[in-house]
Amino acid sequence: MSGRTLVAGIGNVFLGDDGFGVETVRALSGHELPDDVEVVDFGVRGVHLAYQLLDGYDTLVLVDAAARGGAPGTLYLIEAGEAGAAGPGGAVLDGHHMSPDAVLALLGTLCAGTGSTPPRRTLVVGCEPACVEEGIGLSAPVAAAVPEAVRAVLDLLRDAAETGPEEDRPRRELRRTP
């Protein structure tokens, strides 16, 4: 990760564990970060995230709930494919249902129209949810994963600063079984 980095908290705090990304970036904002890193709670405002990315970021780190079949509270580090893969016309604009995939598809559409470029690298720090039904607050295993997710993001930022943009960094999946 070189250049500017955006760490984006995604999720709906009114749907239980879907608020994981929001809670994690809230906790992360209490840490000292490099000048080229922005941490923003986007919540359910995916369209705003897409437009923010037009400002030019080298790396996007999405923090979100990610149902992948693990035990609740399991953390994952996922390297997403090329942000503009959906290409122009691939995005369906619905401000109420903007998943990270839809945001990246919209970004591809917006970039094609403006000449901007999407982030070179997109990473997702995800957490296996226990419950995403109506309700405020994280389940115990997901709440316990927040501090470790903060450490994971800080480690990503530190590793990037130490290795520089040209070195190949090993792909690693972050798995924490509660």
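Student: How many disulfides does a search of the whole structure find?

Tutor: A disulfide is a pair of cysteine sulfur atoms within 2.5 Å. The search of the whole structure finds 0 disulfides. This is a predicted model, in which local features need pLDDT of at least 70 and side-chain atom pairs count only at pLDDT 80 or more, while totals for chains, interfaces and linings use all residues. Residues are numbered from 1 along each chain as its sequence is written, and side-chain values use heavy atoms, with hydrogens and water left out.

Student: Is C127 buried or exposed?

Tutor: Buried means under 20% relative accessible area, exposed over 50%, and partly exposed in between (1.4 Å probe, protein chains only). C127 is buried, at 1%, whereas C131 is partly exposed, at 34%.

Student: Which residues have the most contacts inside the largest nonpolar core?

Tutor: In soluble globular proteins, nonpolar side chains tend to be buried together. A nonpolar core is a set of buried Ala, Val, Leu, Ile, Met, Phe, Trp, Tyr and Cys residues joined through side-chain atoms within 4.5 Å. Here the largest one has 20 residues, and V7, F20, V61, V63, V125 and V153 have the most contacts inside it. Its largest share, 8 residues, comes from α4; helices (H or I, at least four residues) and strands (E, at least two) are DSSP runs, numbered from the N terminus.

Student: Where is V44 found?

Tutor: V44 lies in the loop between β2 (37-43) and α2 (46-53). V44 is partly exposed, with a relative accessible area of 48%.
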